[in-house]
Amino acid sequence: MFDVHEMEVNFGPQHPSTHGVLRVILKIDGERIIEAKPVIGYLHRGTEKLFENMAYPQCVPHTDRLDYVASATNNLGYVEAVEKLLGITKQIPKRAQLIRVMLSELQRLSSHLLWLATHALDLGAMTPFFYTFREREEILDLFEAYCGARLTLNCMRIGGMPDDLPDGWLDDLEEFTAKFDPAIDEYAALLNTNRIWKRRTVGIGVISPEEAIDWGITGPPLRGSGVEWDLRRAQPYECYPELQFDIPIGKNGDTYDRYLVRMEEMRQANRILKQCIPMIKETPAGDIKAKISRVIRPPEGEVYHSIEAPKGELGYYIISDGKTQNAYRCRVRPPSFINLQALPAMAKGYLVSDLVALIGTLDVVLGEVDR
Amino acid sequence: MAEQEGTHRPAAPAAAAPKGRTAEEIRQDPLVSATVEKVAYAILDAKEFAGEITLIADRDEIVEVARAFKNDSFNYLVDLAGVDYSTYPGYKGDRFGVSYVLYSFDRNVRVRLRVYTDAKTPIPSVSSVWKTANWQEREVFDMFGVGFSNHPNLERILMWDGFNGHPLRKDFPLRGIDTGAAIYPEIFPDGGGPKAGSTGKTPQNVNIFKGEWTQYGYGIPAGYDGRKTQMEPAPELAGAVADTARPTAEAPWHDPHLALDQRLELAKGVDLKAKLFAAMAQTDCTACGWDCEGYAAALAAGETKDITLCIPGESETETALKKLLAEAKTM
């Protein structure tokens with residue numbers, strides 16, 4: 001019969017479809033993957049070590065650099081964890097909560113738009129890239145209008161927000177939300193029934209709900225496998241209990257379902273944004289900070305707090321010794337690191353070109369994987 | 001796609017438990033009591049902060065405890081974090097802690113388990129209970145050097161194989177260690193940094209960098225007052241001319257290019273300390289443990305009686321010092 005040739009090849013770390021510096025050592029037989037072994041750590045910057053050596057407020061800009069395409073949610077998770085440690089979660093003014101929610105949902109949109117652009121580009125569809133970046137640009141402009149930065153926002157503070165919304169910001173947001181739903185329909189028209197897209201995604205990288213939980217997968221990949229679990233609903237933070245939104249779930253747990261889940265999540269995020277605009281107009285302007293001590297020295301204790309970041313459950317585990325202004329230990333539970341772990345199990349038996357689809361569908365950001 | 005009939009719809013979040021309960025009361029909490037009863041022998045202590053329950057478990061029984069919790073609907077291992085308690089105020093006990101955050105989809109609550117271990121004793125791996133523990137335990141091993149027994153592939157994950165040390169240990173310097181030594185052994189001297197060659201696969205096999213951060217090059221540290229303090233003697237620097245070896249108005253003889261008799265000529269009619277200073281080799285090499293002026297002051301004040309410390313001055317300086325000190329005694 002045929003002679004079996006096993007070959008070992010390096011996929012990455014400098015490969016455009018690995019979304020950064022992910023290296024996968026592949027054992028292949030022709031085009032078929034026998035074994036995949038991810039090698040990470042190329043972007044390790046010792047963020048957790050830095051957190052132990054800086055005062056609590058100084059850490060916020062460093063959280064930007066974890067998942068660098070979704071910095072607002074990184075900020076949110078960190079400041080909420082410290083607020084929980086201080087016991088001031090309930091004191092955050094409504095207006096600050098709403099600004100936090102709006103920035104987080106905009107960040108979710110921007111992160112998902114970047115995911116859609118690169119995922120489609122990896123699988124050979126170039127046009128969605130141009131469409132999604134058109135809208136992403138407007139979101140980044142909104143960020144820039146709020147805090148001056150477009151990617152590394154550093155836009156939240158322990159106890160509230162640094163600034164109130166600038167004049168006209170809500171009008172810009174309203175304009176954006178009005179035209180975003182038709183924009184999603186445009187992306188969907190390009191891909192949903194596209195024969196090539198479906199060939200590349202349907203039935204690829206199937207993961208069952210039980211297995212997804214065993215691997216610790218969270219976020220859209222977990223919901224794509226049919227587990228209706230979203231931290232915004234399960235353990236609500238900020239003013240999410242007052243907002244109406246649905247949690248989309250998939251049926252088959254394949255790449256196509258995860259694609260549909262993220263598309264629907266974008267619609268839901270836009271729905272949340274639309275609800276926030278009238279709500280924030282009722283709150284008093286300038287009421288954006290809780291009254292907290294300038295020196296942040298939490299009591300002795302430890303907390304784990306997590307939020308629903310665009311990629312999944314982003315948790316911060318902070319231990320305070322009660323004596324210093326530094327965290328004794330601050331562990332980041334990054335969604336990408338945990339989700340990436342399932343890649344070998346998902347890739348086994350598929351073709352090398354499917355690995356590109358799987359890396360895209362897990363939506364890993366290496367800044368967060370390596371920290 | 002936006003279906004409302006989920007397979008796992010979470011229950012409403014549990015109310016935060018009141019603070020200040022005793023360990024016994026926490027064990028009776030309806031949240032954990034059923035499981036704790038099953039593995040009561042392995043639960044050593046219980047703590048609570050901000051409504052989060054932490055159960056301290058026996059290190060060697062952690063797999064049993066984990067399995068009991070998994071059977072009791074805590075089927076999701078959220079997070080596995082190592083902690084180095086070596087500098088924690090007032091802490092006495094095994095150096096490392098490993099926290100397991102568990103989550104129950106059915107009850108929508110989290111519980112934390114914790115075990116303690118020292119650097120040598122491995123913790124039984126829970127990767128047979130949850131697949132997700134695999135990489136997380138590797139990370140704890142990589143960052144803290146805590147071993148896990150029965151782990152399928154306990155390798156470094158973020159640092160590279162052969163890296164020495166474990167970055168999140170409290171004694172690992174924040175500035176990092178000099179990895180140049182491993183790459184350029186011909187430039188960096190032996191012991192100047194971590195050495196390549198250890199596999200880093202087991203905690204015993206890792207060559208941990210124990211020494212101080214070495215500074216290469218030499219010179220007198222800024223702000224050093226040679227007259228008051230003695231530095232570590234640096235015999236390997238003997239004869240090296242420091243930046244400070246320049247003649248000044250007060251000490252015109254402080255010039256390493258002048259011969260001994262010329263220097264003593266310049267130092268005629270000054271006090272004993274200045275005369276002794278003029279007899280030194282004037283290099284400020286610190287091989288004796290002071291600079292030249294500091295050594296002279298120490299001799300004049302009687303802090304040291306040893307006149308043989310000036311290595312670059314050789315026997316010439318020694319004879320001159322002997323003569324000057326003898327003259328001072330007779331006067």
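**View 1. Strands β5 and β6 of chain A.** A:G315 stands opposite A:R333 in β6(A). This is a predicted model, in which local features need pLDDT of at least 70, side-chain atom pairs count only at pLDDT 80 or more, and totals for chains, interfaces and linings use all residues. Strand β5 (residues 312-320) and β6(A) run antiparallel and are joined by 5 bridges; two strands pair if DSSP finds at least two bridges between them. Strands (E, at least two residues) and helices (H or I, at least four) are DSSP runs, numbered from the N terminus. In β6 (residues 329-333), 5 of 5 residues are buried. Buried means under 20% relative accessible area, exposed over 50%, and partly exposed in between (1.4 Å probe, protein chains only). A:R329, A:R331 and A:R333 point one way from β6(A), while A:C330 and A:V332 point the other way.

**View 2. A:E83 in helix α3 of chain A.** The helix spans residues 71-86. A:E83 counts as buried because its relative accessibility is 1%. Leaving aside neighbours within four places in sequence, A:E83 has contacts (heavy atoms within 4.5 Å) that include A:R100, A:R157 and A:G160.

**View 3. B:N108 and B:N150 in loops of chain B.** B:N108 lies between β4 (96-104) and β5 (109-117), and B:N150 lies between β7 (148-149) and α5 (180-183). B:N108 is not a glycine, yet has a positive phi of about 60 degrees. Phi of B:N150, also a residue other than glycine, is positive and near 60 degrees. B:N108 counts as buried because its relative accessibility is 1%. B:N150 counts as exposed because its relative accessibility is 73%.

Residues are numbered from 1 along each chain as its sequence is written, and chains are lettered from A in the order in which they are written.

Terms used:
Heavy atoms only, no water.
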